[in-house]
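Trainee: I would like a close look at one part of this model, the packing of a pair of helices and what surrounds it. Please set it in the context of the whole chain before going into detail.

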Amino acid sequence: MNKLTTRHWLMLVMALFLLAFIVGCAPDEVPGDDESTDTEEESDNNEEETDDENSDSANDGEVSGEIEIQYFVGGYGDSWWKEVIGDFQEEYPDVEVVEHAGPNINEEMRSRWASGNPPDVVYIDGAGSSETQMVEDGQLMNLTEWAEEIELEDGTPLLDNFIAEPASYDGELYSLPLVFDTWGTWYDMAWFDEEGYEVPTDFDSFMSTMGDIQENEDIAPFVTTGQHPYYFLRGMLYPAFSAYGGNELLADVITGEEGAWTSDEVLSIMQNVQQMQEEGYIDSGFGALNHTQSQMNFLLHENAFIPVGFWLPNEMSGDTPEDFQYGFIPSPMNEAGEPMAIVPDLRPLAIAEEAENPEAAKAFVDFVFTREYARLFSEHTGAIMNISDVDLSESENVPEYLIAANEMINDPEQVQIYHKPHPMSADLETPISDALVSLMLGNITAEEFVEEAEKAAEAYRNEQ
């Protein structure tokens with residue numbers, strides 16, 4: 001009896017010791033197939049509760065932390081950005097958005113990009129920005145594979161729904177085109193109707209109308225900004241290059257191909273520019289004007305034509321006279337009988353190669369590309385987001401000039417759309433712009449200009 005009792009006590013002590021050992025080791029052990037299903041079910045229930053909580057914030061715990069967004073504020077204003085960023089923060093409450101924005105933001109953020117401490121997302125637009133330069137400097141993330149995964153609300157691939165294709169660098173994508181802008185020539189439709197001035201459709205009629213205006217109004221009919229000569233380069237010359245030589249010539253001058261700037265087509269175009277200067281049609285004071293000063297002079301009828309993008313009416317809304325009616329045409333640099341030329345000027349969204357929060361950056365870029373935000377963009381800015389099949393006709397807030405321009409652009413009998421491979425590098429654009437100002441001031445001839453441009457292209461090629 002005593003032996004049996006002692007044996008029972010020993011077995012009980014051993015069992016308790018073994019149980020304590022198992023409990024102590026359990027958290028560090030990997031569960032096997034023979035573990036209790038009650039534990040699995042409890043774990044599954046906890047995971048489901050966590051998933052439910054995360055689904056309410058729409059981020060599944062993957063998108064959180066701080067994200068810095070840099071965007072230029074110019075003619076389009078910032079109201080669209082404020083609405084989109086506000087919606088994004090509601091969708092992703094665990095994300096804190098830090099905005100870097102303003103008319104001088106590109107210059108203000110330059111040191112951060114140079115020091116390898118950039119913001120996560122950047123909208124590339126405005127003076128001092130160059131997508132091509134940023135790609136060449138290795139500052140932008142390669143988006144080629146990831147972009148294929150982005151879908152619109154209807155489940156179709158974003159890449160299949162762009163109006164104009166993204167810029168391509170040897171087949172690689174480093175940005176996604178957010179804004180479909182296009183440069184063109186603006187005039188006061190009401191003034192032209194009142195005075196009977198012909199709206200030009202080619203270079204000959206352009207020269208004729210400018211002659212009539214110069215004679216009747218005693219003004220230089222054409223103005224642009226000399227402080228930012230790329231307005232004339234992109235607004236007048238890109239359409240001219242396209243009209244004369246198609247996408248091939250446009251690509252060659254942008255990339256600085258050997259012989260492109262001294263080609264017969266380019267020389268003929270620059271001789272037209274020289275003729276505009278010699279006739280006194282280009283405002284002689286343009287060299288000192290910034291873009292808003294030149295636009296103000298245009299609104300006051302000190303000039304009659306100005307090359308600007310779709311942002312002009314929105315940017316100058318506070319200064320536009322009540323009786324002024326914006327009219328837009330593709331820049332009339334084409335030959336008579338040929339369609340006018342449009343070259344979309346895409347404003348892209350990109351992610352920094354050294355982004356601190358790439359997952360949140362991707363979530364934001366994915367978030368903004370919808371047809372709903374495209375419609376809102378036109379309402380906020382008077383411009384077009386680069387997404388196809390967006391119905392603007394039913395919106396009372398879309399300006400008439402944009403609807404009319406959209407109809408014209410989509411009429412192949414009136415307008416031919418051309419595409420540049422990517423923006424011109426600042427290393428090439430800057431010296432060409434300097435020579436362009438000299439030509440438009442009458443300091444050099446068209447022949448001298450093309451030689452200067454060819455030298456700049458050669459220097460650019462040698463640096464690559």
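Mentor: Of the 464 residues in the protein, 49% are buried. The model is a predicted one, and the protein has 18 helices and eleven strands. Among contacts with a separation of 6 or more, 76% join residues 24 or more positions apart. The accessible surface is about 22300 Å², and carbon and sulfur atoms hold 44% of that.

Now the pair itself. Two packed helices are described by the angle between their axes and the distance between the axes. For helix 3 (residues 79-91) and helix 15 (residues 371-381), the axes come within 9 Å and cross at roughly 150°. Angles over 145 degrees count as roughly antiparallel, so helix 3 is roughly antiparallel to helix 15. On the side of helix 3, the residues that meet helix 15 are Ser79, Trp80, Glu83, Val84 and Asp87. Helix 15 contributes Tyr373, Leu376, Phe377 and His380. By type, the residues of this contact divide into five nonpolar, two polar and two charged.

Trp80 deserves a separate look. Leaving aside neighbours within four places in sequence, Trp80 is in contact with Tyr373, Leu376, Phe377 and His380, and also with Leu178, Val368 and Met385. Trp80 also belongs to the largest nonpolar core, which has 90 residues. Within that core, Trp80 is among the residues with the most contacts, together with Leu176, Trp186, Phe364 and Phe369. Helix 14 (residues 358-368) supplies the largest share of the core, seven residues. Apart from this core lies another, of 55 residues, including Phe206, Tyr238, Val253 and Ala304. As a general matter, nonpolar side chains in soluble globular proteins tend to be buried together.

Phe222, in the loop between helix 9 (203-217) and helix 10 (230-255), has Phe206 as one of its contacts. Is Phe222 buried or exposed? Its relative accessible area is 0%, and under 20% counts as buried, so Phe222 is buried. Beyond four places in sequence, the contacts of Phe222 also include Met210, Phe232, Met236, Met276, Tyr281, Ile282, Asn303, Phe305 and Pro307. Asp283 is another contact of Phe222; these two residues are 61 apart in sequence, yet their C-alpha atoms are 6.0 Å apart in space.

Key: Residues numbered from 1 in each chain as written. Predicted model: local features only at pLDDT ≥ 70, side-chain atom pairs only at ≥ 80, totals over all residues. Heavy atoms only, no water. Axes fitted to C-alpha atoms, helices over the stretch in contact; angles between N-to-C directions. Helix = DSSP H or I, 4+ residues; strand = E, 2+ residues; numbered from the N terminus. Parallel < 35°, antiparallel > 145°, perpendicular 65-115°, else oblique. Contact = heavy atoms within 4.5 Å. Nonpolar A, V, L, I, M, F, W, Y, C, P; charged D, E, K, R; others polar. Core = buried A, V, L, I, M, F, W, Y, C linked by side-chain atoms within 4.5 Å. Buried < 20%, exposed > 50% of the residue type's maximum accessible area, 1.4 Å probe, protein only. Areas by Shrake-Rupley, 256 points an atom, 1.4 Å probe, with all protein chains shown as cover.
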